[in-house]
Amino acid sequence: LGVAGALWLLRRAARRPRLRHAARALWVGGFAAAAYWVWTIWVRDFEHWSIAYGLSMLALALFPPLLGTLFKPRYLWVMRGASALAAAVALASGYMTVFPEWRDARAYEGLPRNYGPYRGAHGDPTGCEFGAIVVTIPKDRDPGTVPTAGAGDLTIDPLRHFTLGDMTVYGSVAEWRDALEAPAASDDAFLFVHGYCNTFQDAVFRTAQIAHDIGYAGRAVAFSWPSRGRPLAYTHDEAEVDAAAVALKNVLAELRPAVKGRLVLVAHSMGCRVLGRALVSLAADGVRLDPFDAIIIAAPDINAEAFRAEIAPRMREAARVRTMYVSAHDAALRLSQGVHGDRRAGSVDGHPLVVDGIDTIDVSLVSTGHSYISDSHRVIRDFQNLLRNPAPARDRPILGRIYDKVRGYYRLVADG
């Protein structure tokens, strides 16, 4: 409607001076939005794809009226219409990008957006900052979903959206460890390592959602590493994996002795790569920790042969129970497979990857996406049983499970 109205205004501009002024104001606004978009991306993010996009918006808003000077006056309205369309696109893209950030910055003033390896004031030897944060979860939502405020929401509504509440930042890892050791409803804990395209807020919300939906009584710990949180920043996120793995190695060395009950490590997508390299680094450094009760990886975005040769042996050494969820309907891993030119551990090409000592569970029949560990009801139920009672698949009750004796893996099937 906005674009149609702008075109109408521009077509009428030659007859009515006021409409001409309104059309010019619209064009100037679109040009200014495109220029601001370029400036914010250039200064803050240094992402080449975003810079190219911003420059294209700027060019769209600027060049049509310049080209219009080469045409006869009766065709000028066509160029003005093209300029109005470009201006509207620039305004819309600027609004969709700038407004949510401004709204969230006002709502969450002082809270982090992309914490991971910490490069700031405390100088903690682990390379991280530690804290505790409250998450509010709306009652009316489907399990597995994380509704958040979109660009069309003027405010963040706790009745409809996940929200961040009070946050405590600990001055040192010792304070964080003391908080973990304080009396609680349960001495158990799980640590969640998010995948690519997740901000700090995404990681915290997903950790809270998992704990809430499975009724977890222990402590939920989110390890947030500096993903850009943008779909086209895949290579940037990959470049952060090694540094994040070093930080996670240090966190695990502090977390394992602080948790008196059962401790389960959960990783998703590229986060499996972070966790795997952290385990490899612990072994290389000769660090001896009490075994974790379970390691659960879902949709691992890892080279299949590298997983078999390097990471799987470390998982067998580090945990009593090892489980890997895989799917044939994971479009994100198919894209990753195309980018890397090799099979990913979490994909199913004819049959899933099977490694000695690790329970492979194929969820292709009960899921369709990449985040099935948190949004597939069937997988959530199996994951809930595993998190509450870390035991090998053969020893825990799983309804709707089929064991492939020939290839040695499990399949989840729909109820009924």
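Author: Let's start with a word we'll need a lot: a residue is buried if its relative accessible area is under 20%, exposed if over 50%, and partly exposed in between (1.4 Å probe, protein chains only). Take L180: at 13% relative accessibility, it counts as buried.

Reader: Okay, but what kind of model am I looking at?

Author: A predicted one: local features need pLDDT of at least 70, side-chain atom pairs count only at pLDDT 80 or more, and totals for chains, interfaces and linings use all residues. Residues are numbered from 1 along each chain as its sequence is written, and side-chain values use heavy atoms, with hydrogens and water left out.

Reader: How many helices and strands are in the chain?

Author: Those are DSSP runs, numbered from the N terminus: helices are H or I with at least four residues, strands are E with at least two. This chain has 12 helices and 12 strands. Of its 416 residues, 47% are buried.

Reader: Back to L180, then. Where is L180 found?

Author: In helix α5. The general idea first: an α-helix has 3.6 residues a turn, so residues three or four places apart point the same way. Here, α5 covers residues 173-181, and its buried residues are V173, W176 and L180. Looking down the axis of α5, you'd see these buried residues within an arc of 60° (taken from the directions from the helix axis to the C-beta atoms), so they line one face of the helix.

Reader: What do the buried residues of α5 pack against?

Author: Packing is about contact, meaning heavy atoms within 4.5 Å. The buried residues of α5 pack against β1 (130-136), β2 (163-170), β4 (219-223) and α7 (234-258). For L180, leaving aside neighbours within four places in sequence, the contacts are R219, V221, L255 and A258. L180 and R219 are 39 residues apart in sequence, yet their C-alpha atoms are 7.9 Å apart in space.

Reader: Which residues have the most contacts inside the largest nonpolar core?

Author: In soluble globular proteins, nonpolar side chains tend to be buried together. A nonpolar core is a set of buried Ala, Val, Leu, Ile, Met, Phe, Trp, Tyr and Cys residues joined through side-chain atoms within 4.5 Å. The largest one here has 50 residues, and F223 and F307 have the most contacts inside it. Helix α7 gives the largest share, nine residues. There's also a second, separate core of 28 residues, which includes I210, A211, A294 and I296.

Reader: And strand β5: how many of its residues are buried?

Author: Six of the six residues of β5 (residues 263-268) are buried, so the strand is largely enclosed by the rest of the structure. L263, L265 and A267 cover one side, while V264, V266 and H268 are on the other.

Reader: Which strands pair with β5?

Author: Pairing means DSSP finds at least two bridges between two strands. Strand β3 (residues 189-193) runs parallel to β5, joined by five bridges, with V193 opposite A267. Strand β6 (residues 292-298) also pairs with β5 in the parallel sense over five bridges, and V264 stands opposite A294 there.
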